[in-house]
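Keep it short and grouped by topic.

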Amino acid sequence: MALVHTFQSLGMPYGWAWFLSQAVLILVFDVILLVSIAFILLADRKIWAAVQLRRGPNVVGPFGLFQTFADLIKFMLKEVIIPSSANKVIFFLAPLVTATLAFAGWAVVPVASGWVVADINVGILYIFAMSSLGVYGIIMAGWASNSKYPFLSALRAAAQMVSYEVSIGFVIITVLLFAGSLNLSAIVRAQETTGVLAFWHWNTFSILFPMLPIFFVSALAETNRPPFDLVEAESELVAGFFVEYSATQFMLFFLGEYVAIMLMCSLCTILFFGGWLPPLNIAPFTWVPGIVWFLIKILFVFFLFAMVKAMVPRYRYDQLMRLGWKVFLPTSLLWVVVTAGYVLVFHHHA
């Protein structure tokens with residue numbers, strides 16, 4: 001609102017002032033997110049290397065800190081190669097769709113109290129919709145490439161992402177029943193308490209605890225992270241749906257994937273770890289700004305993502321589907337009923 005008043009003081013009508021303030025806010029947020037993703041990508045490679053007793057990237061810049069930026073320059077300078085038989089319009093649109101939808105989800109994520117681009121009342125549904133639409137970019141890429149390997153990968157992606165979105169949806173329903181709101185900021189505030197042991201009031205330490213591992217594993221499958229990276233299984237599909245892509249277009253797919261991963265980490269933080277709330281309501285924990293706690297929790301969840309990638313062997317496709325439909329779906333559906341009964345009896349959100 002401060003930006004709106006600033007633009008209005010320059011003689012702008014309210015409509016233009018609001019539009020420009022939102023544009024500036026989105027631009028700043030996206031730039032910060034892009035720089036953060038560069039270092040998250042480096043951290044992913046460093047963690048993977050550490051598990052395998054390697055050094056990881058350590059040449060470009062001190063401790064390899066500029067490796068991701070060097071990769072960016074390399075991708076931007078490489079030649080864009082388009083297969084002669086590809087559907088060129090859809091071939092170009094696919095990476096743009098993937099990256100745009102991944103970024104769009106962040107519009108409703110509150111990184112601290114009041115620090116959110118769009119604090120809408122159906123924020124959780126908006127994120128669920130954006131993550132669900134992400135499969136379209138993959139299907140477009142697989143079909144437009146006009147090659148059997150990308151097409152098979154796109155079919156796998158559609159089945160995999162739809163399968164695990166169902167489980168994520170039921171997990172979200174249990175949290176909504178507990179919080180009594182679809183607003184992400186309200187979900188965080190529902191986990192707030194005046195007691196010293198603030199973390200004990202988080203959804204992780206409640207009847208919702210079984211939903212945390214289901215959400216975590218489903219998020220891995222939803223974002224095609226190992227051990228569920230059947231979409232880009234090198235031994236079977238060369239490199240999956242983006243095998244025909246190079247240069248900037250490949251980079252957009254890669255960027256979209258990591259932005260989506262961080263979105264899932266932030267959603268896990270908001271739903272189960274109290275968002276920007278401190279773990280203890282005593283000094284010096286209460287002196288730390290909320291955004292710092294939010295970032296620490298996101299990095300912790302991402303560390304778990306990275307460790308799973310480094311340690312767990314890849315699933316077979318039938319195992320992946322069995323886990324989603326025969327284990328996660330009935331368990332999450334049962335827990336929706338259990339949570340609804342618990343809330344009804346104990347009036348948790350009253």
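M251 touches L72 and F75, leaving aside residues up to four places away in sequence; contact means heavy atoms within 4.5 Å. This is a predicted model: local features need pLDDT of at least 70, side-chain atom pairs count only at pLDDT 80 or more, and totals for chains, interfaces and linings use all residues. Residues are numbered from 1 along each chain as its sequence is written, and side-chain values use heavy atoms, with hydrogens and water left out.

**Around M251**

- M251 lies in helix α10 (residues 247–272); helices are DSSP runs of H or I with at least four residues, numbered from the N terminus.
- M251 counts as buried, at 16% relative accessibility; buried means under 20% relative accessible area, exposed over 50%, and partly exposed in between, with a 1.4 Å probe and protein chains only.
- M251 and K74 are 177 residues apart in sequence, but their C-alpha atoms are 9.9 Å apart in space.
- K74 places its charged end over the ring of F75, 5.0 Å from the ring centre. The criterion is NZ of Lys or CZ of Arg within 6 Å of the ring centre and within 35 degrees of the ring normal.
- F75 also belongs to a cluster linked by ring pairs, together with F250, F254 and Y258.

**Aromatic pairs**

- The whole structure holds 22 aromatic pairs. Rings of Phe, Tyr and Trp (its six-membered ring) pair if their centres lie within 6.5 Å; planes under 30 degrees apart count as stacked, over 60 as edge-to-face and the rest as tilted.
- Y164 and F328 are edge-to-face, because their planes stand at 85°, with ring centres 6.2 Å apart.
- This pair links distant parts of the chain: Y164 is in helix α6 (residues 148–179) and F328 in helix α12 (residues 317–346), 164 residues apart.
- Y164 is buried at 0% relative accessible area, and F328 is buried at 8%.
- F228 and Y315 form another edge-to-face pair, 5.2 Å centre to centre with 65° between the planes.
- F228 sits in the loop between α8 (211–222) and α9 (234–237), and Y315 in the loop between α11 (290–311) and α12, 87 residues apart.
- F228 is buried at 2% relative accessible area, whereas Y315 is partly exposed at 28%.

**Helix α8 against α12**

- The axes of α8 and α12 come within 11 Å and cross at roughly 140°. Axes are lines fitted to C-alpha atoms, for helices over the stretch in contact, and angles run from 0 to 180 degrees between N-to-C directions.
- That angle makes α8 oblique to α12. Angles under 35 degrees count as roughly parallel, over 145 as roughly antiparallel, 65 to 115 as roughly perpendicular and the rest as oblique.
- M211, I214, V217 and S218 of α8 make the contact with L323, F328, T331, S332 and W335 of α12.

- T174 lies in helix α6 and is buried, with a relative accessible area of 0%.
- T174 touches L208, M211, W335, V336 and T339, not counting residues up to four places away in sequence.
- Helix α5 (residues 123–144) packs on α6 at about 175°, with the axes 8 Å apart; the two are therefore roughly antiparallel.
- Residues of α5 that meet α6 include I124, F128, G134 and W143, and those on the α6 side include P150, F151, M161 and L176.
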